[in-house]
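Trainee: I've got a new model open and I'd like to learn how to read its features. Can we go through it together?

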Amino acid sequence: MAIARPARNSPARKSGDRAMVVAAKSPESRPLAAIVWLASYPRSGNTWTRNFLHNLITLVQGGEAATQDINAMGRLTTWEIAGHWYEPALGKPPKLATRMEIARVRPAVQARIASSVDKLIFVKTHHALVAEQGFPTINMKVTAGAIYIVRNPLDVAVSLQHHFGIELHRAIERLNLVDYTIPPGESSASEVYGSWAQNVESWTAKPHRAVYVMRYEDMLDKPTETFGKLATHLLLEHTPAQLEQAIELSSFDRLKAQEQEKGFRERPKKSEAFFREGRAEQWRDVLSPDQVRVIIRHNRRTMARFGYIPDDYATP
């Protein structure tokens with residue numbers, strides 16, 4: 001495995017956001033500069049996956065077995081909506097731009113991210129793989145592949161409520177709203193979530209060898225198998241001991257303890273904690289039967305694909 005550093009004058013180098021790049025065993029089969037997306041609907045395990053990759057890559061490179069600082073994950077990955085990528089293209093902060101202006105420059109921004117490194121770069125996104133204002137949310141010309149993480153929308157709804165500090169029925173409405181777009185923030189561009197089903201289907205409906213799909217619940221229940229397959233897919237030459245170490249260093253309890261000790265810069269202002277519970281089936285303690293039925297009605301086909309329809313709600 002080879003690591004490529006950001007170009008000398010790239011925003012990644014200037015901001016300290018030094019992206020990790022993995023050279024495939026057959027580099028001639030890959031673009032010289034391309035993105036591997038870390039994609040998911042929000043609150044589905046994207047940050048957990050990023051932390052695991054940081055820990056495993058550090059171990060594979062011969063680094064110390066120490067928990068990855070959650071506030072320094074920009075050292076090896078980047079987030080597509082980060083303001084420092086968009087502001088040069090827009091000529092102003094993203095918060096002052098319209099959706100059309102952001103959509104228009106997005107492909108060029110992603111090309112710039114890809115060209116800021118030598119080979120492959122991991123980039124976090126919550127975009128659905130759709131078009132916005134006539135422009136693609138994902139620039140396929142600079143895309144080498146993706147890791148897509150999916151989570152039961154019943155649990156996602158509960159997590160969205162706490163993450164955004166909104167009422168539960170609003171979280172459910174947002175989860176089910178086709179083409180839903182989060183507006184720009186103080187230091188970020190807008191992001192096209194879509195509905196939960198729209199987001200998941202856009203990335204997973206057509207299986208592709210360059211897209212690795214994993215369920216949040218399997219990350220919880222079968223971490224060695226699930227994370228091990230991910231590492232193999234990425235051609236990371238790890239040992240079984242390194243894999244187990246990386247999984248332990250990335251445990252929810254460790255992530256939560258870090259946030260409690262020194263905060264987490266990605267936590268929204270209205271959220272009490274980014275790492276809140278991190279368990280499956282929490283919806284059973286929170287959602288009413290009617291709320292469960294509403295979510296299933298809007299997302300039934302996709303939920304069935306991933307085994308998310310509870311037995312006691314199997315009949316429409």
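Mentor: Start with Glu-201, which is buried, with a relative accessible area of 12%. Keep in mind that this is a predicted model.

Trainee: Which side chain does Glu-201 meet in a salt bridge?

Mentor: Here's the general idea: side chains of opposite charge can pair when their charged atoms come close. In this case Glu-201 pairs with Arg-305, at 3.0 Å from N to O. The two sit 104 residues apart, Arg-305 in helix 12 and Glu-201 in helix 7, so the pair links distant parts of the chain. Arg-305 is partly exposed, with a relative accessible area of 41%.

Trainee: How many salt bridges does a search of the whole structure find?

Mentor: It finds 13. One of them joins Glu-281 and Arg-284, with the closest N and O atoms 2.9 Å apart. Salt bridges with shared partners also tie Glu-80, Arg-99, Arg-106 and Glu-132 into one network.

Trainee: Back to helix 12: where does it bend?

Mentor: At Asn-299, by about 85°. Asn-299 is among the buried residues of helix 12, as are Val-292 and Ile-295. Those buried residues pack against helices 5, 6 and 7.

Trainee: And which residues touch the most other members of the largest nonpolar core?

Mentor: In soluble globular proteins, nonpolar side chains tend to be buried together. Here the largest such core has 51 residues, and Trp-196 and Leu-287 touch the most other members. Helix 5 gives the most to this core, with six residues. Trp-196 also has contacts with Asn-299, Thr-302 and Met-303, among others.

Note on methods. Residues are numbered from 1 along each chain as its sequence is written. This is a predicted model: local features need pLDDT of at least 70, side-chain atom pairs count only at pLDDT 80 or more; totals for chains, interfaces and linings use all residues. Side-chain values use heavy atoms; hydrogens and water are left out. The bend at a residue is the angle between axes fitted to the seven residues ending there and the seven starting there. Helices (H or I, at least four residues) and strands (E, at least two) are DSSP runs, numbered from the N terminus. Buried means under 20% relative accessible area, exposed over 50%, partly exposed in between (1.4 Å probe, protein chains only). Contact means heavy atoms within 4.5 Å. A nonpolar core is a set of buried Ala, Val, Leu, Ile, Met, Phe, Trp, Tyr and Cys residues joined through side-chain atoms within 4.5 Å. A salt bridge is a side-chain nitrogen of Lys or Arg within 4 Å of a carboxyl oxygen of Asp or Glu. Lists of a residue's contacts leave out its neighbours within four places in sequence.
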